[in-house]
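Thanks for asking me to look this one over. My notes are below as numbered points, with the cut-offs given as each term comes up.

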Amino acid sequence: MRKLLFESLFALPLTEAAPAPDDAAAAELAALLGDRAQRALGRSLSIREVDAGSCNGCELEIHALGNAYYDVERFGLRFVASPRHADVLLVTGPVTHNMREALKLTYEATPGPKWVVACGDCAKDGGCFAGSYAVAGGVSSVIPVDLHIPGCPPPPLAILRGLLALLDRTAAGETLR
């Protein structure tokens with residue numbers, strides 16, 4: 001035991017190196033998104049994240065948006081605890097039978113105008129969980145979806161790009177629900 005303890009004190013960690021940061025691109029994208037939200041809504045964009053039965057991979061990437069590296073709140077994007085305060089429902093995972101009714105109620109509780117974004121491959125069509133006895137299907141089988149962000153899981157910059165595309169479509173004159 002003592003030998004193992006000493007070896008672990010001097011052993012290098014078994015992790016891979018972090019990717020090279022692209023601070024400028026992340027900050028520029030988040031600032032652009034905040035500016036478009038301000039123009040489209042006259043205020044910050046409020047996002048309610050809903051886990052409809054995912055493996056939590058997408059949630060980890062969404063939570064990264066709030067960490068010190070991305071810090072999207074400084075650009076006017078807020079994650080809210082209630083659907084009554086949200087502009088966007090960001091739904092992850094395949095919709096399980098147990099979450100189907102909760103997702104419908106959350107959608108109904110969100111005031112208009114509202115958007116629904118399916119985040120990740122599982123939210124599109126069930127992903128690797130499609131056909132499971134516990135899965136009702138993708139998000140669009142339960143509520144209408146305005147935008148799908150692909151990836152398993154999609155990285156934070158892809159999520160920001162997707163939200164920006166959603167606001168650009170709205171600015172181009174598409175109607176909202």
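1. Helices (H or I, at least four residues) and strands (E, at least two) are DSSP runs, numbered from the N terminus. By that rule aspartate 51 belongs to strand β1. This is a predicted model, in which local features need pLDDT of at least 70 and side-chain atom pairs count only at pLDDT 80 or more, while totals for chains, interfaces and linings use all residues. Residues are numbered from 1 along each chain as its sequence is written, and side-chain values use heavy atoms, with hydrogens and water left out.

2. Let me stay with aspartate 51 for a moment. Its relative accessibility is 27%, so it counts as partly exposed; buried means under 20% relative accessible area, exposed over 50%, and partly exposed in between (1.4 Å probe, protein chains only). Setting aside neighbours within four places in sequence, aspartate 51 is in contact with Asn56, Glu59, Thr92 and Met99, where contact means heavy atoms within 4.5 Å. From aspartate 51 to alanine 123 the C-alpha to C-alpha distance is 9.6 Å, although 72 residues separate them in sequence.

3. Now the overall layout. The chain has six helices and seven strands, in the order α-α-β-α-β-β-β-α-β-α-β-β-α along the sequence. Of its 177 residues, 42% are buried. Taking contacts between residues at least 6 apart in sequence, 81% join residues at least 24 apart.

4. Which residues have the most contacts inside the largest nonpolar core? They are Leu45, Val88, Val117, Leu160 and Leu163, in a core of 28 residues. A nonpolar core here is a set of buried Ala, Val, Leu, Ile, Met, Phe, Trp, Tyr and Cys residues joined through side-chain atoms within 4.5 Å. At least two residues of this core come from each of α2 (23-41), β1 (45-51), α3 (57-64), β3 (88-92), β5 (115-119), β7 (147-149) and α6 (156-171). The largest share, seven residues, is supplied by α6. Apart from this core lies another, of 13 residues, including Val50, Val95, Tyr107 and Ala123. As general background, nonpolar side chains tend to be buried together in soluble globular proteins.

5. Beyond its neighbours within four places in sequence, valine 88 is in contact with Leu45, Ser46, Ile47, Arg48, Trp115, Val117, Leu163 and Leu166.

6. Five of the five residues of β5 are buried, so the strand is largely enclosed by the rest of the structure. Trp115, Val117 and Cys119 are buried on one side of β5, and Val116 and Ala118 are buried on the other. In general, the side chains of a regular strand alternate between the two faces of the sheet.

7. Next, the partners of β5. Strands β3 and β5 run parallel and are joined by five bridges; two strands pair if DSSP finds at least two bridges between them. Valine 91 stands opposite alanine 118 in β5. The pairing of β5 with β7 is also parallel, over three bridges, and cysteine 119 stands opposite isoleucine 149 in β7.

8. Please check the backbone at two prolines. The peptide bond from glycine 112 to proline 113 is cis, with omega near -5 degrees, and proline 113 sits in the loop between α4 (97-109) and β5. Another cis peptide bond joins cysteine 152 and proline 153, with omega about -15 degrees; proline 153 is in the loop between β7 and α6.

9. Two residues other than glycine have positive phi. For asparagine 56, in the loop between β1 and α3, phi is near 80 degrees. With a relative accessible area of 40%, asparagine 56 is partly exposed. For aspartate 71, in the loop between α3 and β2 (77-79), phi is near 45 degrees. Aspartate 71 is partly exposed as well, with a relative accessible area of 28%.

10. The chain has an accessible surface of about 9,900 Å², 57% of which belongs to carbon and sulfur atoms. Accessible areas come from the Shrake-Rupley method with a 1.4 Å probe, and for residues only the protein chains shown count as cover. Leucine 9 lies in helix α1 (residues 2-10) and, at 58% relative accessibility, counts as exposed.
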